[in-house]
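User: I am new to reading protein models and would like to go through this one step by step. Could you take my questions in turn and show how each answer is reached?

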Amino acid sequence: MKNSKLFAVRAAAALFMALVLCTIAAHRIEILLLTEVRSLAVPAAVTMEDGSTVTKVPAAAVYTGRDGKPCVMRLLSREGVWGREMYVEEMPVELSHEDYNFCFLKGDFEGQSLAVYPSRPLSDDETVRCAEE
Amino acid sequence: MKKKNIRFLIWGIACLSLSAIFFFAAAFVTRNLKNHTPFAVELYGAQGLGVPVGKTANFTEWGSFAAAGMGEYVQAADLAETKSIPAYYQMTTPNYGEYANLHFNEGKYFPEDAAGNLAVIPESLSHELFEGEDGKKMLRINGKKFTVCGVYGEGGILTRLGSASIPVIYGNTSRDPDILAEQLLIGADAGKTALQQQQETAALMQIPLEGEINDLGRLHQLGDSILLLGFFFAGLWFVLHLCIFSYRKLMSAYQCRGQAAEKILPAILGTGAFLLAAVGFASLLQLVRIPAIYLPEDNIFDISYYGQQILNGIQQINTVSRIRDFSRICAVYLCAEAGCTIAAVPLFWAGCHGLRHWFLDKQL
């Protein structure tokens, strides 16, 4: 009886240590598997000749949303289980016009942070990590 | 007893020294990988990329890329045609030497305003054709006169292992600017995927660019990651032994039949050692920095995925279809580096184990 109790305590201690180390490793693995993105600070909007306001962003910042319409992915942060984490939020946009490298979005998005060049296709509310970090 | 003790010390030092040598060798290989292969995304089309190499030269200024035309097998000879050697000739844009990371022993890559037939030749060809000759070097390629403007080094043994044994001559585009581009080297950008960079270049030139994509920039990152992974596995020895120490102390505290005060010291030591092990493990894990594109999407323990990646690397080494295939050269370097790292880690563990025994025996 005494031996089995000792064995249980030993096994529990070893298991506890292994679980703590596994949790630390799992946290790192989770970070490694997150989609990598690069953040882009949106520049000031410009006013067109017809009086409309447009924002110039790289073509890589515009995605196709779930409804098939153009959207951008806003890069935001929130409180996660392990502290602050970055995530993306799909935001529908209307294209004014576009060329090979840039898209001109209707409206003013100045100061917002957008996710560009993701390592995998992004989806709304997905947790990501910035490539610069 | 003393003899055995010294044996442990010698064994430990010998293993640690050997491990250090292997780690240095791996670091040296990584540095050479970066020195002898381009930090670029390579686009390759065996039948051409659908754009003449002369036309790409107009865009290289804005697009951060260099181009090489379809290669041809030629006979390179000295002016008097006393010696003739089979070679591979490729026309390139003037910035190709910089992108391909060529290191020059003599002269330099041809300038943008280069006129006439200019050639950049490898060191081996220069030795064979111009041994002992000084002054301006000229050669004949399929009978046509070329002026040699630069002689580049062909790299170390690993570069040669990854390359075909035929010398590669680079020429300027003035001879035939309409020849199709076979290879584009696009300057790698850490924040963009290879496909995005290919699409941006295609958009810049306003032509579809379809071909094999090799992300050599990411392979450079992978080189660093393998070395860091080696350090991680080596460092695990300390974490493991801290855990064992902590476990023993905690168990001795539990089994202690004395007063509570006697239990406190081993319990504190055990807890402290375990906390140190956990913090050390978390810090060590920061060394694991494998680029996302080399990891499976959902399950990091997807063995078949890693098996496929290793198989692709081996196939890349065995490919013989191309003359100067940078991804094959990278694969040779990465295999050599991985081999050195795999040898270094168990030696490090054995060395630490030996020194630990020596230390414990000395205490006794």
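User: In which loop of chain B is B:Asn142 found?

Analyst: This is a predicted model, and in it the phi of B:Asn142 is near 50°, a positive value in a residue other than glycine. Most residues other than glycine have a negative phi. At 49% relative accessibility, B:Asn142 counts as partly exposed, and its place in chain B is the loop between β7 and β8.

User: Which residues does B:Thr147 contact, leaving aside its neighbours within four places in sequence?

Analyst: B:Thr147 is found in strand β8 of chain B, which covers residues 144–152. Its relative accessible area is 19%, and because buried means under 20%, B:Thr147 counts as buried. Leaving aside neighbours within four places in sequence, its contacts are B:Asn117, B:Leu118, B:Ala119, B:Lys136, B:Lys137 and B:Met138.

User: How many residues apart in sequence are the parts that B:Glu106 and B:Lys137 tie together?

Analyst: The side chains of B:Glu106 and B:Lys137 meet in a salt bridge, with 2.8 Å from N to O. B:Glu106 lies in strand β5 (residues 104–107) of chain B, while B:Lys137 lies in the loop between α5 (123–130) and β7 (138–141), so the pair ties together parts of the chain that are separated in sequence. B:Glu106 is partly exposed at 38% relative accessibility, whereas B:Lys137 is buried at 10%. The separation of the parts that they tie together is 31 residues.

User: Are A:Arg84 and A:Glu79 buried or exposed?

Analyst: The side chains of A:Arg84 and A:Glu79 meet in a salt bridge, at 3.0 Å from N to O. As for their accessibility, A:Arg84 and A:Glu79 are both exposed.

User: About how much area do chain A and chain B bury between them?

Analyst: The size of an interface is often given as the accessible area lost when the parts come together. The contact takes 26 residues from chain A and 33 residues from chain B. Of the area that is buried, 66% is on carbon and sulfur atoms, and the total that the two chains bury between them is about 2,800 Å².

User: In chain A, which residues lose the most area to chain B?

Analyst: The residues that lose the most area together make up 23% of what the chain A side buries. One of them, A:Tyr117, is in the loop between β9 (113–116) and β10 (127–130) of chain A and has a positive phi of about 50° although it is not a glycine. The residues asked for are A:Met17, A:Arg28 and A:Tyr117.

User: Which residues of α7(B) are buried?

Analyst: Helix α7 of chain B covers residues 194–205 and reaches 17 Å from its first C-alpha to its last, close to the 16 Å expected. What covers its buried residues includes β1 (40–44), α2 (53–56) and β2 (65–69) of chain B. The buried residues are B:Ala194, B:Gln196, B:Gln197, B:Gln198, B:Thr201, B:Ala202, B:Ala203 and B:Met205.

How values were computed: Residues are numbered from 1 along each chain as its sequence is written. Chains are lettered from A and ligands numbered from 1 in the order in which they are written. This is a predicted model: local features need pLDDT of at least 70, side-chain atom pairs count only at pLDDT 80 or more; totals for chains, interfaces and linings use all residues. Side-chain values use heavy atoms; hydrogens and water are left out. Contact means heavy atoms within 4.5 Å. Buried area is the accessible area (1.4 Å probe) that two parts lose on being put together, summed over both. Helices (H or I, at least four residues) and strands (E, at least two) are DSSP runs, numbered from the N terminus. The expected span of a helix is 1.5 Å times one less than its number of residues. Buried means under 20% relative accessible area, exposed over 50%, partly exposed in between (1.4 Å probe, protein chains only). A salt bridge is a side-chain nitrogen of Lys or Arg within 4 Å of a carboxyl oxygen of Asp or Glu.
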